[in-house]
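Reader: I am new to this structure and would like to know what stands behind the words used for it. Please set each term against its cut-offs.

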Amino acid sequence: FQEKSDKRENRNKLNRGERQSLQLEAEKIANIEFTEELEIEFANVYAKAQSVALKITNIQRCLETVEIDVGGRKVPLMQAAQIVKVSPLELQIVPNQSAFSSAILQRLMRFDSTMTAQKDQNKIKVTLQRITTQRRDKAAADIKTIASDFANKLKNVRTRYVKLLSGVGADDDFTQQMTIVIDGTLKDFIEAKTLEFEELVGNVTSTGIDESDESLAS
C-alpha cells in the first residue's frame with residue numbers, strides 16, 4: 001500500500017510541476033510577448049504616421065531621417081548630406097561626397113510628390129509647395145486612416161496570440177484567464193495609442209496660419 005501511495009504522490013507532483021510550467025508559459029505569452037509584439041507593430045506604423053505629419057509641420061526634420069542607399073548600405077540623409085533651409089519654400093542639400101548626389105536626388109524625387117528636387121552644381125535644390133488648409137486636411141485624413149488600419153491589424157495580432165495561447169496546453173480555465181488578460185491589454189493599448197495618433201492630427205491641423213491663407217488673415 002505504501003509503495004502505491006508513494007507512486008501516486010510522485011505522479012501528482014509531476015503533474016503539478018507540468019501544470020505550473022504550462023501556466024508560466026501561458027503567462028509569458030499573455031503578459032510579455034503579446035505586449036512586446038504590440039509595441040513593435042506600433043513603432044513601425046507610428047513612424048509612417050509621423051512622417052506624414054512632419055511633411056506638414058517640419059519638412060526639414062522629416063528629410064533628415066529619409067534613408068538613402070549609399071555605398072551598398074542605407075543611412076539617414078543627415079548622415080549623407082547637410083540640409084540647409086534657404087527660405088520657407090526652399091532647402092539646399094549638400095552631399096558629403098559628390099558620389100552621393102545621384103542616390104540622394106533619386107530618393108528625394110520619390111519621397112514626396114509635393115516637392116521638386118533638382119541638381120544645382122554640387123548641391124541639390126529642393127523646392128517646396130506652400131502649406132495649405134487642403135494639404136493639412138489631407139495629411140490629417142491620412143493619419144486617421146493609418147490609425148484605423150493599425151487598430152484592425154492589432155485584432156489580427158490578438159487572434160494569432162490567442163491561438164498560440166491555446167496551443168500551450170494549459171488547462172481551459174487558466175487559458176481563459178490569460179485570454180482575458182490579452183483582451184484587456186489590447187483595449188488599453190489601442191486607447192493609449194489612439195491618443196498619440198490624435199496628437200499628430202492636432203499638430204498637423206493647428207500649427208499656425210497657412211502661407212496660402214495669409215491674405216485672408218490680413
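Author: Rings of Phe, Tyr and Trp (its six-membered ring) pair if their centres lie within 6.5 Å; planes under 30 degrees apart count as stacked, over 60 as edge-to-face and the rest as tilted. By such ring pairs, Phe-42, Tyr-46, Phe-150, Phe-189 and Phe-197 are linked into a cluster. The model is predicted: local features need pLDDT of at least 70, side-chain atom pairs count only at pLDDT 80 or more, and totals for chains, interfaces and linings use all residues. Residues are numbered from 1 along each chain as its sequence is written, and side-chain values use heavy atoms, with hydrogens and water left out.

Reader: How many aromatic pairs does a search of the whole structure find, and what makes Phe-42 and Phe-189 a pair that is edge-to-face?

Author: The search finds 8 aromatic pairs. For Phe-42 and Phe-189 the values are 6.2 Å centre to centre and 90° between the planes. The centres must lie within 6.5 Å and the planes over 60 degrees apart, so the pair is edge-to-face.

Reader: Which parts does this pair tie together?

Author: Phe-42 lies in helix α1 (residues 2-57) and Phe-189 in helix α6 (residues 172-205), so the pair joins parts 147 residues apart in sequence. A helix here is a DSSP run (H or I) of at least four residues, a strand one (E) of at least two, numbered from the N terminus.

Reader: Why is the pair of Phe-42 and Phe-197 called edge-to-face?

Author: Its values are 5.8 Å centre to centre and 70° between the planes. The limits are within 6.5 Å and over 60 degrees, so the name applies. Phe-197 also lies in helix α6, so this pair ties helix α1 to a part 155 residues away in sequence.

Reader: How do you know whether Phe-197 is buried or exposed?

Author: Buried means under 20% relative accessible area, exposed over 50%, partly exposed in between (1.4 Å probe, protein chains only). Phe-197 has 4% relative accessibility, so Phe-197 counts as buried. Phe-42, at 6%, is buried too, and so is Phe-189, at 8%.

Reader: What makes Lys-193 a charge over a ring?

Author: The requirement is NZ of Lys or CZ of Arg within 6 Å of the ring centre and within 35 degrees of the ring normal. The charged end of Lys-193 is 4.4 Å from the centre of the Phe-42 ring and sits over that ring. Likewise, the charged end of Lys-55 sits over the ring of Phe-111, 4.5 Å from its centre.

Reader: What makes a set of residues a nonpolar core, and how many residues has the largest one?

Author: The set consists of buried Ala, Val, Leu, Ile, Met, Phe, Trp, Tyr and Cys residues joined through side-chain atoms within 4.5 Å. The largest nonpolar core has 35 residues, and Phe-34, Leu-38 and Phe-197 are among those with the most contacts inside it. Helices α1, α5 (133-166) and α6 each supply at least two residues of this core. With 12 residues, α1 gives the most. Another core, of 24 residues, lies apart from it and includes Leu-54, Cys-62, Val-75 and Phe-100.

Reader: Why does Leu-165 count as buried, and which residues does Leu-165 touch?

Author: Leu-165, in helix α5, has 0% relative accessibility, so Leu-165 counts as buried. A contact means heavy atoms within 4.5 Å. Not counting residues up to four places away in sequence, Leu-165 touches Ala-26, Ile-29, Thr-175, Met-178, Thr-179 and Ile-182.
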